[in-house]
Amino acid sequence: MTILNKQTKTPQHVAIIMDGNGRWAEKRGKHRVFGHKHGVKALRKAITFATENKIGALTVFAFSSENWQRPKQEVKMLMELFFSVLGSEVKKLHKHGIKLKIIGELTGFSSRLQKKVLEAEKLTENNQGLILNVAANYGGRWDITQATRTLLERVENGTLKASQVDETMMQDALTLSKIPQVDLMIRTGGEHRISNFLLWQLAYAELYFTDTLWPDFDASDFQFALDVFSGKERRFGQTSEQVRDLD
Ligand code: IPE
Ligand code: IPE
Ligand code: MG
């Protein structure tokens, strides 16, 4: 394999922090929720792009553990939007062979929303197309904590020894256990931070930040991020020479 081949490879797992909805709406003199609604449209486009470009898994940040601290009205509107979008989109996702998974602390949601989430996951669980993970009430620290708790429970009931715990076991206990590590993380909206998104899974991801606000993010922006990604040499701790020798 030539260097070019390796570098033009499509990422298998893309994660997106969909940021900038509020500012997008405010710039137009509208309420923040107007931006969230347009954010859903941008998400549809991103899903179509990911499917067409044979990306294996797409993980998007929809609502963080910290977003509960927003004004009550915005949180309420976001929950309603989440509920109605789940209702209106799931059949379409299913038709396109997409496997939907909601990652995060589900118990934080109303029982009606939890039920809707479980139904949506059940409907699409055997699909073989794009794996779409929507992170809702998700925090990277929460994920690592719940994984640790799962392993500690096994130690407590005697089925696991502390000395047996290794990285593979931790990986298996995390919410995205079956999915490869993130290759490319995109954040829109201009901030250069992770905001408690996937922490473990981003360990060796290429990070791409853009000032484009999420509702404006389209197929050409996504393609540009992939182009930047394909120009990177991923060394995983090795030297450039070693990486080239492997090709
Ligand atoms: C991201 O957009 C969506 C959520 C966090 C739910 P924001 O709502 O954070 O938009 P800005 O960053 O305030 O513009
Ligand atoms: C991160 O965006 C969470 C989501 C996109 C859902 P925020 O807008 O909440 O992030 P901070 O607070 O600016 O870091
Ligand atoms: Mg924001």
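A residue counts as exposed when its relative accessible area is over 50% and as buried when that value is under 20%. The legends below describe close-up views of a predicted model.

**Figure 1. Lys 54 in the loop between helix 3 and strand 2.** With a relative accessibility of 64%, Lys 54 counts as exposed, because the threshold for that class is over 50%. The backbone of Lys 54 has a phi near 55°, a positive value in a residue that is not glycine. Most residues other than glycine have a negative phi.

**Figure 2. Surroundings of ligand 1.** The space taken by ligand 1 is the largest pocket. The shell around ligand 1 consists of Met 18, Asp 19, Gly 20, Asn 21, Gly 22, Arg 23, Arg 32, His 36, Ala 62, Asn 67, Arg 70 and Leu 78. Helix 2 (21-26) and helix 3 (32-52) each contribute at least two residues to this shell, and helix 2 gives the most, with 3 residues.

**Figure 3. Backbone contacts to oxygen atoms of ligand 1.** A polar backbone atom of Arg 23 lies 2.7 Å from an oxygen atom of ligand 1. For Gly 22, the distance from a polar backbone atom to an oxygen atom of the ligand is 2.9 Å. A backbone N or O atom of Asn 21 is placed 3.2 Å from an oxygen atom of ligand 1. Taken alone, ligand 1 exposes 380 Å², of which the protein buries 87%.

**Figure 4. Surroundings of ligand 2.** Ligand 2 sits in the largest pocket. Its shell is formed by Ile 17, Met 18, Asp 19, Phe 61, Ala 62, Phe 63, Asn 67, Arg 70, Arg 187, Arg 193 and Ser 195. Strand 2 (residues 57-64) provides the largest share of the shell around ligand 2, namely 3 residues.

**Figure 5. Side-chain contacts to oxygen atoms of ligand 2.** In the side chain of Arg 70, an N or O atom is 3.2 Å from an oxygen atom of ligand 2. The corresponding distance for an N or O atom in the side chain of Arg 187 is 3.3 Å. A polar side-chain atom of Ser 195 lies 2.6 Å from an oxygen atom of ligand 2. On its own, ligand 2 has 380 Å² of accessible area, and the protein covers 78% of it.

**Figure 6. Ser 195 in the loop between strand 5 (184-187) and strand 6 (206-209).** Although Ser 195 is not a glycine, its phi is positive, at about 50°. Ser 195 has a relative accessible area of 31% and is therefore partly exposed. This residue also belongs to the shell around ligand 2.

**Figure 7. Glu 121 in helix 5 (residues 111-124).** Glu 121 has a relative accessibility of 14% and so counts as buried, the limit for that class being under 20%. Apart from its neighbours within four places in sequence, Glu 121 is in contact with Leu 100, Lys 101 and Ile 102.

**Figure 8. Thr 107 in the loop between strand 3 (99-103) and helix 5.** Thr 107 counts as exposed because its relative accessibility is 63%. The C-alpha atom of Thr 107 is separated by 9.2 Å from that of Asn 137, and the two residues are 30 residues apart along the chain.

Conventions
Residues are numbered from 1 along each chain as its sequence is written. Chains are lettered from A and ligands numbered from 1 in the order in which they are written. This is a predicted model: local features need pLDDT of at least 70, side-chain atom pairs count only at pLDDT 80 or more; totals for chains, interfaces and linings use all residues. Side-chain values use heavy atoms; hydrogens and water are left out. Helices (H or I, at least four residues) and strands (E, at least two) are DSSP runs, numbered from the N terminus. Buried means under 20% relative accessible area, exposed over 50%, partly exposed in between (1.4 Å probe, protein chains only). Contact means heavy atoms within 4.5 Å. A residue is near a molecule or strand if one of its heavy atoms lies within 4 Å of it. A polar contact is a pair of N or O atoms within 3.5 Å; within protein, one must be able to donate a hydrogen and the other to accept it, and residues adjacent in sequence count only if both atoms are side-chain atoms. Accessible areas come from the Shrake-Rupley method with a 1.4 Å probe; for residues, only the protein chains shown count as cover. On a 1 Å grid over the protein atoms alone, a cavity is a set of points where a 1.4 Å probe fits but cannot get out, and a pocket is an open set with protein on both sides within 12 Å along at least five of seven lines; lining residues have an atom within 4 Å of a point. A molecule sits in a cavity or pocket if more than half of its atoms lie within 2 Å of its grid points.
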